Structures are given as C-alpha cells and as structure tokens.
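Dear colleague,

Please find below the structure that I am handing over to you. I would be grateful if you could look through it before reading the notes that come after it.

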Amino acid sequence: MVEAIERDDFTMIKFILSRIIQSAVVVFIILTLTFVMVRLAPGGPFSSERKMQPYILERINAYYGLDDPVILQYFNYVGGVLRGNLGPSFTETRTVNQILESTIPVSFELGTWALLIALGIGLPIGILAAVKRNSALDYGPMSVAMLGICFPTFVMGPVLAMIFGVWLGWFNVAGWFVASDRVLPACTLGLVYAAYIARIARGGMLEVLNQDFIRTAAAKGVSSWGIIFKHSLRGGLLPVVSFLGPALAGLISGSFVVETVFNLPGMGREFVTSAFDRDYFLVQGTVIVYAALITAANLGVDIAQVVLNPKLGFED
Amino acid sequence: MLNRLFQIVKQLSALVGLVFWMGCSETGLPDADEGVKQQILLLGNGSEPQGLDLHLVGGVPENRIISALFEGLIAYHPTSDELPEPGVAERWETNADASTWRFFLREDARWSNGDPVLASDFLYAYERILTAELGAQYANMLYVMKGAEAFHTGKTNDFEEVGVKALDARTLEIQLIGSMPHFINMLKHYSWFPLHRPTIERFGGLLDRSGAWTQVGNMVGNGAFRLNVWKPDQYIKVVKSETYWDRKEVRLNGIIFFPIPDSSTEKRMFESGRLHLAYEVPQNDIEYMRKEHPEWLHIDPLLGVYYYGFNTQRKPLDDRRVRHALAMAIDRETLVEKVSLGGQIPATSFVPAMFDRYPSVDYVTYDPVRARALLAAAGFPNGEGFPVLKLLFNTSNGHRKIAEAIVEMWHRELNVSITLLNKEWRVFLSDLEHLDFDIARKGWVGDYANPMTFLDLYTSGNGNNETGWSNQDYDQLIDEAMRAGNSDAQIERLSEAEGVLMAEMPVAPIYWYTRAYLLDERVEGWHPTILDNHPYKYIYLKADGRSH
C-alpha cells in the first residue's frame, strides 16, 4: 500500500476522474431502469375518472411519441437527454427542462439554509454533549435531539406554521415570495437534520476522546479546548461527513413534505407527484437530477474524508 | 487541501447570500385586507393548472381560471346554474322542437386586443376542438351538433358538413342531432367557447399542443379579465379587461389564483389572512370551523353523487337481489353524520335531488330486514355461503373511513364479510377499466345542469359505465330522452330511465356531495350554485365587513 502521506494531486485527479466516469455509468443505468419501471407501472399518464374515447387517446399518445415501439422511444429519449432535452411534461405546459430550471434553485436554496441550520445547531450540541458526557449538558440537549428525530417534518412544519404564522403572525404560513418565507421551511427541514447530526457528532467525538493519544495530550497539559479543536474534531467528525453525503443530496433535491406543507415551488413535489401522475418524462428527469446529485455528493464526501483522515488514501 | 475546502465553502456561502438577496428583491403579494382595498380577490385554487388551452384541459382549477379569461355564447348565471345568462350572445331563438338554434352576437363583444368577437371565431374554435389530431378530450361534448361526430372521427373531412354556420358576421346557427331543450346549459362549458384565430395561428397553429398561445403576453381572450402574471406553482394573476363588453358591471380589479394542493396549508393561509377563499376544508377541521368560525365556513350542495359500483359480471353480484341487499344495508344517515362529516346528503337516488324540475324518488332506503330477506332469496340465508368479496377504493383516508364503516354495516346486517382493498389512483383506474374488481368506490360530478349528465353514464358501452351492466330498455329511454321534443318529455324519459337503473342497482348511491369551503365575510355577490360556478363579474369585496 502506498503511504497516504505521499499522495499527490495527480492521484487525486485520477481518482476523481475515474469516479466521475463510474458516476456517469451509474446515472445511465438508473435512467434506463426508471424508463422501464415507470412504463411497467399500471395505468397510463392519460387515464382519468372521465374516460377518454380510445381514438382521442391514440392521438395524444401519437403526439408524445408513446405509440412508437418502446425500444425506439428509449433511444429517442436517450438521444434527447444527451442533447440536453429532457422532453415534455404531460401535466403542465412547461417542458421538463423548464420545470427543473425553475424548481431546482428553490430546493437548492432551501436545502442550503436547512443544512446551515442543521450544522449550526447539531454540531455544537453534539460536541458539547460528548465533552460533558453524562452531565445535564449531555442529557438535556440529546433528549431534545431525540425528540427532533421523532418529530417528523409533517408534524414540525404545520406546528411551526401554526405558531409563527397563524398565531404570532411573524411569517407567512406558506409561499415563496419574500425573503422571510425561507425561515419556517428551512427550520423545519434543518431541525430534523440537526438532531441526527448532533447524535452522530456525539458518537464520533466520544470514540476519539476515549483514545490513548487524547489522554497523552491531556497528560502533557494541553488545554481542554486545544484537545477538542486541535486533536479530536478531525477524527470525531468523520461520521458526520459520511452522513452529509446522502443528506446533502436529499436536502437540495427538495423535500416533498416541507414543500407541500409550505406550498413551495420546489423539486421535491415534482419528484413525488410526477410518479403518481405517470408523467414519464418528468419522473425520468427528476430521477436523473437526483441520481447525479447523490453521486456527486458521495464523491465530495470521499474527498473530504481523505482530507480529514490522513490514514485514507485516494487509492482504492 | 484544507484551505482549498474552506475556499469552496466561502464561495458557496457567497452564492447563497446572492440567492437570498435576489429573493429579497421580489415584492410580496397583497394580503386579504390589502386585497379588499385594491378589489383584488385572492383564491385558493387546488392544484397548478395543466394549462390554459381550453381545448386541452379538463379539470376544475383550470375551469375557474378559464371562466375569468373567456366567455361563451351563454354565461354563468350568478345565482342558479340552471338558468342561462346572456354572454357573447345578446339573444337567441330556436325552432319549435329546439333542434336548430340561432344566436345573435352583441356588437360590442371584444377580444382583449380590441378585435370584435364574431361568429367566425366560434366556427374556428369548433373546427379546432373537433380536429382529431389535436386530441381534445372534451371534443365529444360537441357531438350533439349535427355532423360533429362524423367530422371528429374522420368520416368526413369537410367542416362545412358540420351543423354550424355563420349566417352573417354576428349570427351563428347551430343544428343539433335532435331536439334538445337543455342545449342552452351545455353552452356554458368552455368546450363551446370561441378562440381568437390570429393568436392561435401566430403561436403554432391549429394543432399546436405546446400552449405557447396561452402564455402571458400572447393570450388573447374575451372574458371579463385578462391574463397578467403566471408563475407556475406560485400564482396566476388576472386583471380586469378594458375591452370586455360589460366592463361597467365588473367591480373587481383583479383575481389571484393560488395553486395549493394541500388543504391544511390552504386553511392556514386563509386563517392568517392571505386568502379570501379556501377551496377545500380538511375533513377533520370542519367541526372546529363550525364551532369557532361559523362566519367563514360554507357547506353548499354540489351536483354530484358518491357511490359504489358492482361488477355485475361476477358472482354473486350478477344477482340483482344481492346488489339490492347490499345497497339496502347501508345506513346512510349514520354514515354522513358520524363518518364523512362534511354535511353530505344521504342519497336516495342516483341523480341528486337538486334540480328544480326533476322528480325525486326514494329508490334506496336503509332497510336491513328487507335486505336480509333479499339475500336469503338469492341463496345466502344469514349470509351463509356468501363468498368473501373485495371492496376496491383509491388510497385516501376519507375513502378508507367510509369503506370501513360500510363493510362493518354489511357485516352487522347481512353477516357477509367483505375486505378492503386500496390501490394507488392510476392502478385503481386501470382496475376499473378492466372490470378487475368486485365492488368499487366511484363518484361523479355533473358537467352541466341536467340529469342527463348522470344517466348517460350507464348506457351500454359508455366508457364510464365500468360495471359490466347493460340494459336495452335503459338505452332506449336515454336515446328517447336525447331526442325528446320538449323538456317535459325529456325529464319524463330520464326519470323512467333512472327507475330502470335503480331497479337493477348496478350502482349503490351513498351520498350526494357537498362542498365545504372557507369564505371571507367581505366577499359579496357569491351565491351557492349546484355546479359551483360563481361568475366573477358579480363578485366584489366590501370594505366595512369584519376582517380576520
């Protein structure tokens, strides 16, 4: 095994490139699976309680190319995707590209705020709980964190909206019009993640704080702040970083629940409703975006882990 | 390396800051109080519309927007959906048996770009909706017009053969397949509205499905309002039209439609003073609203029926007595009071008793004794030997509660066991279509104010029948009703047909719909109507009402 300390930028670039290629293959496979699965689902995109005459249905299918052989549809679709055209939506006047262009920024912004809230609250609580373990500063905040995990967004969201929107009138209860409209949804989404992060950070920190080199540092007279910031954080927060990969993808691709509760024009809602609507191209488009995000986030996490932990290298 | 990471984080936070700042620069929308001052009506409107091309959409949210932007020959009447109100047509006349209609268009009817609304605009619209390649889902609404079906199904390519003519620039003549006194009410549906030809031609032409012509800046309509802002998933704003013929009557300066799919969110928006109307009250909040805010809560009858359909091709549901027994064992009063909670009306017939002139007959009643006798006569005394059937419904809490209650009633009264089966909406629809069920939840809301809108569903081969039931007498009566010389004869035939339907009982009516919604007390000119149409032209906001 090559000593990790001797790693250079070249191996890193090689590593990133190979991972990007792997990711592209993964995304392509997911795209294909989605294409097949959404068409296997019973009921078509134009079925409704009010039956359409068969010949009207035929015309509509023909317009969207759904009467072509499936294999031809597939190649047409992949060709479109490679040219950056994700196709039309059956449920809206906008194309899938237009829908994603307008919804991704909303979900991205919301997710970023939520992440900042999650880290800003979760990390200090988790670290403090680990350092002051088995004290009131551990049990108190960690019980709250446990509550936060048990309190799902579909409860938290309406509760926050009732208190701060309807009763106190500080914020709008729904919508995405003014800057303050970010506060309630970002808190709803952020608090749940904060709870997870606090728990994971506490666990990671505890493990590091119990190790010999920490005791040695303490014996040598390093201050407790020095021990926490200089010696423990890097190792202690590794589990948090691994958690952040998928969490990040989840956060910025939008939350169906939060977007529904606060009526936000984000991608999370499209993700779920498009599947119910059998809006084939929109389902495929959102899945591609989500798959790309999650692979990119995981790659970012892998790089961050190497940076934080010198024992790991970019060689597999 | 660590430094580089910090750099990235720094850049990222700068980006977030920029996005946030961009968010700040956007202006807010009026709240309910501000809306009253500006005469801007704020409406919760279900989901984001599929589009605004009136030939390519079919939902209720779309209808609410389109009825502000366009106007047909006949308009909605402010207090009754059974009465006609002059729209683009100033007056109309018909021949003796109501099979040929003449409409005289008003001189001052204008498109939003100033062009006059002419008979040719109606011809163009009818030609477009009946062109099969377009794939308009409501095209069959026009089949009552002579030759329309033949043109739509390709039996002729000559639109001249369709029974609609412009006698001159402002006189439109429509010939029907038979005499049809209720035709006038059908004209209120947007499938009969005119279109502005130059606009359609400019943005893609007759067959274009992209909706380019409906975008802000492109759309030309003839309604009391014109399209001003369309932010998908956020809101649609329409403002008072300066060219509308009856603009002096219009008191609102604008309407904002908010697509809010979640009714709890909508209720909170209403409570916090962001809406004048919440389209739907969550079932669990109706009691709370009744106690705390009776001034907001409205429950109006809606022309629709909630019912269970039987698969008449499966044993033992192929036996009429079994179907009757099941229908009779449902205690509808209890169901409505204790389970569905929305003030629904227990159904006694398939056609809701909401029409002024249609006779209401109590075909279905709660009669467990007779139900048991019928079941015994069918070979299942005390439910013995009755197979375990499945009750299919689409996944939803409301449907589940009702299904659980009814299954329990069947078990208690008839000693039969029926299990619940819920499926996701599209799977459910697919099962219905393929008659792959025993008993299924169904519902129907009328398209127009005539019992025909319910009764023609159960003719043989109708795509919405979905029970496998077919009856020649019934088909014959419906056909006679279609061609009845006057409205009395039509009503008589329809009533007879319903008698046949209820004697056969392929469907068990459960309750007639109501619509529960929240309305700001300052909204004036809003009247309950059975099809839930509320023409905006008569609505205004009164400043001295109490705010919330």
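This is a predicted model: local features need pLDDT of at least 70, side-chain atom pairs count only at pLDDT 80 or more; totals for chains, interfaces and linings use all residues.

Chain A

Chain A is built from 13 helices and has zero strands. Its C-alpha atoms fill a box of roughly 85 × 60 × 30 Å along the principal axes.

Two parts of chain A that are 64 residues apart in sequence are tied together by a pair of side chains, because A:Asp138 belongs to helix 5 (residues 136–150) and A:Arg202 to helix 7 (residues 183–209). These two residues form a salt bridge, with an N to O distance of 2.8 Å. Over all chains, the structure holds 39 salt bridges.

One backbone feature of chain A may also be noted. A:Asn134, a residue other than glycine, has a positive phi, near 60 degrees. This residue is placed in the loop between helix 4 and helix 5 of chain A.

The contact between the chains

How many residues does each chain bring to the contact? Chain A contributes 56 residues, and chain B contributes 63 residues. Between them the two chains bury about 5,100 Å², and carbon and sulfur atoms account for 59% of that area. On the side of chain A, A:Arg50, A:Lys51 and A:Phe177 supply 16% of the area buried against chain B, more than any other three residues.

As for polar interactions, 13 residue pairs are in polar contact between chain A and chain B, with both residues at pLDDT 80 or more. Four salt bridges are counted between the two chains. A salt bridge joins A:Arg59 to B:Glu133, and the closest N and O atoms of this pair are 3.9 Å apart.

Several helices of chain A give two or more residues to the side that touches chain B; among them are helix 1 (9–40), helix 2 (54–63), helix 4 (96–131) and helix 13 (280–308). By class, the residues on this side of chain A comprise 29 nonpolar, 13 polar and 14 charged.

Cavities

The structure contains five cavities of 30 Å³ or more. The largest cavity holds about 60 Å³ of space. Which residues line the largest cavity? From chain A they are A:Glu49 and A:Lys51. From chain B they are B:Tyr307, B:Leu429, B:Leu432, B:Lys442, B:Trp444, B:Leu457, B:Asn464 and B:Glu466.

Helix 14 (425–433) and strand 16 (439–445) of chain B each give at least two residues to the lining of the largest cavity. The lining divides into five nonpolar, one polar and four charged residues.

A cis peptide bond in chain B

Finally, the peptide bond from B:Lys315 to B:Pro316 is cis, and its omega is near -5 degrees. B:Pro316 sits in the loop between strand 12 (297–310) and helix 10 (320–328) of chain B.

With kind regards

How values were computed: Residues are numbered from 1 along each chain as its sequence is written. Chains are lettered from A and ligands numbered from 1 in the order in which they are written. Side-chain values use heavy atoms; hydrogens and water are left out. Contact means heavy atoms within 4.5 Å. Buried area is the accessible area (1.4 Å probe) that two parts lose on being put together, summed over both. A salt bridge is a side-chain nitrogen of Lys or Arg within 4 Å of a carboxyl oxygen of Asp or Glu. A polar contact is a pair of N or O atoms within 3.5 Å; within protein, one must be able to donate a hydrogen and the other to accept it, and residues adjacent in sequence count only if both atoms are side-chain atoms. Helices (H or I, at least four residues) and strands (E, at least two) are DSSP runs, numbered from the N terminus. Ala, Val, Leu, Ile, Met, Phe, Trp, Tyr, Cys and Pro count as nonpolar, Asp, Glu, Lys and Arg as charged, and the others, Gly among them, as polar. On a 1 Å grid over the protein atoms alone, a cavity is a set of points where a 1.4 Å probe fits but cannot get out, and a pocket is an open set with protein on both sides within 12 Å along at least five of seven lines; lining residues have an atom within 4 Å of a point. Grid points are joined across faces, edges and corners, and a volume is the space filled by probe spheres set on the points.
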